[in-house]
Amino acid sequence: MDTSAAQLPIAVIGAGLTGLSAAHHLARAGHPVRIFEAAPAAGGALRTELHPDGWLIEAGPNSLQENPEVTRLIRSLGLDPERLPADPAAKNRYIVRGGVLRAMPTSPPAFFTSSFFSFRTKLKLLRELTRRPVPRVEDLPLSSFIREHFGNELVTYALDPFISGIYAGNADLLSARYAFPALWQAEHDHGSLIRAQVAGAKAKRARGEPSGPAPIISFRSGLAALPRALVASLPAGSLELGAEIDTLLPQPDGTWLIRWFRSGAAYTERVRKVLLALPAGALARLAIGSPGMPTSLASLETLEHPPVTSVFLGYRRADVAHPLDGFGALIPSVEKRSLLGVLFSSTLFPGRAPEGHVALTVMVGGTRRPDIARLPPEKLLPLIQTELASLLGVRGEPVFVRSTAWPRAIPQYKLNHEDHLAVLASAEARHRGLFIGGTVRDGISMTNCLAAGAKLATRATA
Ligand SMILES: Cc1cc2nc3c(=O)[nH]c(=O)nc-3n(C[C@H](O)[C@H](O)[C@H](O)COP(=O)(O)OP(=O)(O)OC[C@H]3O[C@@H](n4cnc5c(N)ncnc54)[C@H](O)[C@@H]3O)c2cc1C
């Protein structure tokens, strides 16, 4: 690469949290960067809407799990005054069991004193403490992995609803190794997942970090504050909105020619390296390499992303009988209901509903009931209202409704996930200066995406 080529910017494709994090870290390290985003705004799945009547709607993700890297990022972006920890009133996690909401025990003493789990499951937990590390070679469904450790009841009433809440997925289909790599590693190192957790807490204390569960946070003006601050941290002219990349052409001198479209017009730009921060479906559609020797990521299209519809509902406080004293309620599949879960949004974070009102966010669909996510609003709303009446004692009509459909919501890391990872690794091995990261390989949470962006920046500049 000649000296003029070395001055070219590094291109980041996709300005969701992964791409913005990558661009932020590159710019902070002094690298010229260009970030291309097909949509008219940055942020990807993060969509906060402020309504003049006082509702704050999160149409996509609702909360962010903080770890030391996220804390440092928030601080360096000057977002500390905006940081909003979950209200202590949201401490309870409800699970629907036998048609009613029951608080899930969240601490070890509560697990043993609460009547939520049977004596048999409590014994299983005690026995789990004695497990020794066994080398496990074969991947297995997440439900089988957890069943081996804790038994059936925990799979049915804890794992299953938890997986609906996080992946909108099915624990019988997800891979233990790829969907929860930390658990896989914990078993490998300690045998017992409980002892691994105790050891992890001890190690955190030794590093001077708080040893409790990671804080759940948002921002006063909603989660979109984070992409906004990341964009503001970039040099002017870095971000190209409404720019859909379709072709990446490696050049003989090691640089890349990328082609993008805006309003039907095509543009090309020469860049030093290319960082792809796109979901699987968008990666699958890219043309990479010369037409005679293309590199295809088309098989990533088969990585399942079930649809989810998120429905934000505002009610008068007096119309909801339940105290809403928790994070929300998750619903196990065995309960055979139409919802995956409901978040108590106005309990979780203050400032989400006008005075005298409450806000709930209902999630429907997922691998469990994709048909429900696809219902038109006039059919979906009555279904949700019937469920909320029965579960939370909601009476009357909502005073505010905002429904957002996610036709391809969350990637499911299933037992064949290794095949997808191999496709990514082979594309990177074939093309110098091409780096891929994000939900397709690095985990699905916002915390994972921020880390994926940092990793992309490090790999591209190593
Ligand atoms: C309904 C829902 C609820 C969720 N809840 C939570 C939660 O509470 N907590 C949590 O931690 N996570 C949650 N998640 C997951 C989290 O929001 C996402 O995993 C994360 O935001 C993904 O970020 P990303 O940058 O990798 O991808 P995206 O946000 O998808 O960004 C990719 C960007 O690339 C752009 N793009 C696509 N193709 C092209 C192209 N050819 N050229 C240029 N640009 C292109 C897209 O427009 C998009 O802006 C939720 C997700 C959904 C859908």
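Is K336 buried or exposed? In this predicted model, local features require a pLDDT of at least 70 and side-chain atom pairs count only at pLDDT 80 or more, whereas totals for chains, interfaces and linings use all residues. Residues are numbered from 1 along each chain as its sequence is written.

K336 is exposed, with 9 other C-beta atoms within 10 Å; here a residue is called buried if 20 or more other C-beta atoms, placed from the backbone, lie within 10 Å of its own, exposed if 12 or fewer, and partly exposed in between. K336 has a positive phi of about 50° although it is not a glycine, and its place is in the loop between β17 and β18 (341–343), where strands (E, at least two residues) and helices (H or I, at least four) are DSSP runs numbered from the N terminus. L324, likewise not a glycine, has a positive phi of about 55° and belongs to the loop between β16 (308–316) and β17 (328–330). L324 is buried, with 25 other C-beta atoms within 10 Å. Most residues other than glycine have a negative phi.

An automatic or database assignment divides the protein into domain 1 (3–46 + 224–303 + 413–461), domain 2 (48–67 + 83–89 + 306–406) and domain 3 (117–206). The C-alpha centres of domain 2 and domain 3 lie 28 Å apart, and 14 residues of domain 2 are in contact with eleven residues of domain 3, contact being defined by C-beta atoms, placed from the backbone, within 7 Å.

When residues up to four places away in sequence are not counted, L275 touches I10, A11, V12, I13, A22, F435, L456 and A460.

Around the ligand there are 37 residues, of which G14, G16, G44, P61 and A282 come nearest; a residue is included if its C-beta atom, placed from the backbone, lies within 6 Å. The elements giving two or more residues to this shell are α2 (17–28), β2 (33–37), β11 (244–250), β16 and α17, and at least three residues are drawn from each of domain 1 and domain 2.

Conventions:
Contact = placed C-beta atoms within 7 Å.
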